[in-house]
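Here is a brief report on selected side-chain and helix contacts. The sequence and structure come first.

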Amino acid sequence: MRIVVAPDKFKGSLEAPDVAAALEAGIHSVDPAAEVVRLPVADGGEGTLEAALGAGFTAWPVTVTGPVGQPVEAEFALRDGTAVVEMALASGLAALPVDEHGEPVLDAGGATSRGTGELVRAALDAGAEHVVLGVGGSACTDGGAGLLQALGARLLDAQDEELGRGGAALARLARVDLDGLDPRLAGTEFVLAADVDHPLLGARGAAAVFGPQKGADPGQVHELDAALTVLRDRLADALGETARRAADAPGAGAAGGVGFAALAVLGARRRPGVEVVLEFVGLGDRLAGADLVVTGEGSLDEQSLGGKTPLGVLDTARSSGVPAVAVCGRTTLEPRVLREAGFLRTYALTDLEPDPRTCMREAGRLLEQVGARLARELPGLLGGAEHH
């Protein structure tokens, strides 16, 4: 029996490699001879770097500027000229300092994406010619201004002084000077791994939709949207209509507008995050000869069906003729909906432990139980599946 275990993280509980390991332990407790292939995956946001390292990329540690200016230890992954940069590690909510209660100290107007640009620059120094920019979980709404500054752009006020960090400072932006951009960028292919299709500005834009989760009150949301409009206009002065088109493009609002900078200045091509990750981890190849694929994430809900990791894995499995089951902490979807989506069976930790807090705290133990149950039920499941 060959089983490919390809889960995403269980957010707030276990990282994807730990989820895969727990499921494998459970399967082997019932069927020690089963061949289990662990392949942690992600959707382009948090966990993307872990997925790359699990697929054979090498970690390159770098000290970068954190979202509020403090030094942060981050890393990118590199393999055969392709670098994977996970924005959350350098410029994410998880990289913020915490208060005495362990809660992140948010800075909606002052947080910067500079550290992400420093990771990109370090990847170029290491020889990268193709950069996958995984965005998600960001702490900033600066339109990618910090990223561009780290790569050599100058953002100047009316006195020709360089702007400080953060989206709020963009209100004073008078001119963008791109002459100092790293010349290696022109020969580098960028992929923006982003699932969100929001534009940069307006009611569906970066500030309005994502600003509140970064600490912006309604007044700050308005100020940040206005400041991002200034950035768009000043970049349009430098780049022409390219910048305006990029601001309206799907994904420009991703990661506080870092999507905009990537599309407008780096010439990035936007692709669904999970599609990019599944490609570089080689899921299609790893499914050769498999009897089953197991995928999942912490919460399986309507958003999951919109193209998150489990659906991406399911689509690849279907193309390979391999049946798929889903594992989750909890699900808000009816079993019929999940079957119609294509899952042979869905296992939720809340079926074993109804208290969500206990599920999160003891996810590893419960996932081992799910793995054991899956192994016991597998002959019957596959007997009823349309199997290759």
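Arg234 is partly exposed at 23% relative accessibility (buried is under 20% relative accessible area, exposed over 50%, partly exposed in between; 1.4 Å probe, protein chains only). The model is predicted: local features need pLDDT of at least 70, side-chain atom pairs count only at pLDDT 80 or more, and totals for chains, interfaces and linings use all residues. Residues are numbered from 1 along each chain as its sequence is written, and side-chain values use heavy atoms, without hydrogens and water.

**Salt bridges.** A salt bridge puts a side-chain nitrogen of Lys or Arg within 4 Å of a carboxyl oxygen of Asp or Glu. The count is 25.

| Asp237 | Arg234 | 2.8 Å |

Asp237 is exposed at 57%. Asp237 and Arg234 both lie in helix H7, three residues apart, about one turn of the helix. Arg271 is buried at 12%. Glu275 is partly exposed at 39%, and Glu279 is exposed at 53%.

**Helix contact.** Helices are DSSP runs (H or I, at least four residues), numbered from the N terminus. The axes of H7 (residues 218-239) and H8 (residues 241-248) come within 6 Å and cross at roughly 140°. Axes are lines fitted to C-alpha atoms over the stretch in contact, with angles from 0 to 180 degrees between N-to-C directions. Contact (heavy atoms within 4.5 Å) involves residues including Arg232 and Asp233 of H7 and Glu241 and Arg244 of H8. Arg232, Asp233, Glu241 and Arg244 are also linked in a network of salt bridges.

Terms used
Helix = DSSP H or I, 4+ residues; strand = E, 2+ residues; numbered from the N terminus.
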